[in-house]
Amino acid sequence: MEISLAGRTAVVTGSTQGIGLAIVTALARAGARVVVNGRSAETCDRAAEEVRTVVPGADVVPVAADVATAAGAETLLAAVPRADVLVNNLGIFGARPVLEVDDEEWRRYFEVNVLSGVRLTRAYLPGMTEQGWGRVQFICSDSAVVIPEEMVHYGMTKTALLAVSRGYAKAAAGTGVTVNAVIAGPTHTAGVEDFVAELVGTELPWDEAQREFMRRHRPQSLIQRLIEPSEIANLCTYLASDAASATTGGALRVDGGYVDAILP
């Protein structure tokens, strides 16, 4: 299947590394004008240059803005007032016993992981519906469905995104705009490497540490390995395309079979 996003502008939040960078690179490869977003100009410029290296001639717009805040969202919107594709990828995670998560941390996780995407969707969706075409995606997680004991506060935010995504899909009904949640499984990123080290230690070589992590903490994975960010980006690129015009209001899994259910 050939996917062309030529003439489309795609905003991907939290896209200076990991899954976000893979998504923005894949969208650029499909021909979209892509907006790289992060909190600092240095990391945004570095990521933009990396995209241009991988995709020569790519139209990349770096925008430094902390979209977990209302002021940061306004900065992004001022730089890019309209978007055809919005991928709400920004998110934080970390292990902590649920009884040790205080009010401030609960609020922080909600503001970064949920409210950031709510604000931007609320801002961009009217322009999409007005033109009769648009794609909104919320990068979710298997933790939305299988709440991890060590990250209940994180799982809570990803469960919330399933509701938010479905609700915005209803708001866009009949307009030509689709809204979906992408349930990503355990993925190989720098942050996850640190997370693996927290849980299994730093003594083992990476390949052994990864296998030990999956065996002990994610044993239901059917691929029995971490997912590569490019594999998440493949689904996101499809959902951003004309080919996905009948796919909306869904929670689509690219989880390596981790969630032990036919439906989320």
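Colleague: Which residues in H5 are buried?

Modeller: His153, Tyr154, Gly155, Thr157, Lys158, Leu161, Val164, Ser165, Tyr168 and Ala169 are buried in H5. Keep in mind that this is a predicted model.

Colleague: What covers the buried residues of H5?

Modeller: The cover includes helix H4 (103-131), S5 and S6.

Colleague: How do you know that the span of H5 agrees with its number of residues?

Modeller: Helix H5 covers residues 152-171, which is 20 residues. At 1.5 Å a residue, the helix should span 28 Å. The end C-alpha atoms of H5 are 29 Å apart, so the two values agree.

Colleague: Why is Asp255 called buried?

Modeller: Buried means under 20% relative accessible area. Asp255 has 5%, so the word applies.

Colleague: Where is Asp255 found, and what is it in contact with?

Modeller: Asp255 is found in the segment after S7. Leaving aside neighbours within four places in sequence, Asp255 is in contact with Ile183, Ala184, Gly185, Pro186 and Ile227. Contact here means heavy atoms within 4.5 Å.

Colleague: What makes Asp255 and Gly257 a polar contact?

Modeller: The cut-off for a pair of N or O atoms is 3.5 Å. The backbone nitrogen of Gly257 lies 2.9 Å from a polar atom of the Asp255 side chain.

Colleague: How far apart are Asp255 and Gly57?

Modeller: They are 198 residues apart in sequence. In space, the distance is 32 Å, C-alpha to C-alpha.

Colleague: In what order do the strands of the open sheet run?

Modeller: The 7 strands follow the order S3-S2-S1-S4-S5-S6-S7, with parallel pairing. Strand S3 (60-64) and strand S7 (251-254) are the edge strands.

Colleague: What makes S3 and S7 edge strands?

Modeller: Each of S3 and S7 pairs on one side only. Neighbouring strands of this sheet are turned by 20° against each other on average, direction ignored.

Colleague: How do you know that S1 and S4 pair?

Modeller: Pairing needs at least two bridges. Strand S1 (residues 9-12) and strand S4 (residues 85-88) have 3 bridges, in the parallel sense. Val12 stands opposite Val87 in S4.

Colleague: Which strands does helix H8 lie across?

Modeller: Helix H8 (residues 229-239) lies across strand S5 (134-141), strand S6 (177-184) and S7. The helix runs at about 165° to S6.

Colleague: Where is confidence lowest, and where is it highest?

Modeller: Confidence is lowest in helix H6 (residues 190-200), at a mean of 86. Confidence is highest in S4, at 99. For the protein chain, the mean pLDDT is 96, and 100% of its residues reach 70 or more.

Key. Residues are numbered from 1 along each chain as its sequence is written. This is a predicted model: local features need pLDDT of at least 70, side-chain atom pairs count only at pLDDT 80 or more; totals for chains, interfaces and linings use all residues. Side-chain values use heavy atoms; hydrogens and water are left out. Helices (H or I, at least four residues) and strands (E, at least two) are DSSP runs, numbered from the N terminus. Axes are lines fitted to C-alpha atoms, for helices over the stretch in contact, and angles run from 0 to 180 degrees between N-to-C directions. Buried means under 20% relative accessible area, exposed over 50%, partly exposed in between (1.4 Å probe, protein chains only). A polar contact is a pair of N or O atoms within 3.5 Å; within protein, one must be able to donate a hydrogen and the other to accept it, and residues adjacent in sequence count only if both atoms are side-chain atoms. The expected span of a helix is 1.5 Å times one less than its number of residues. pLDDT is the predictor's confidence in each residue, from 0 to 100.
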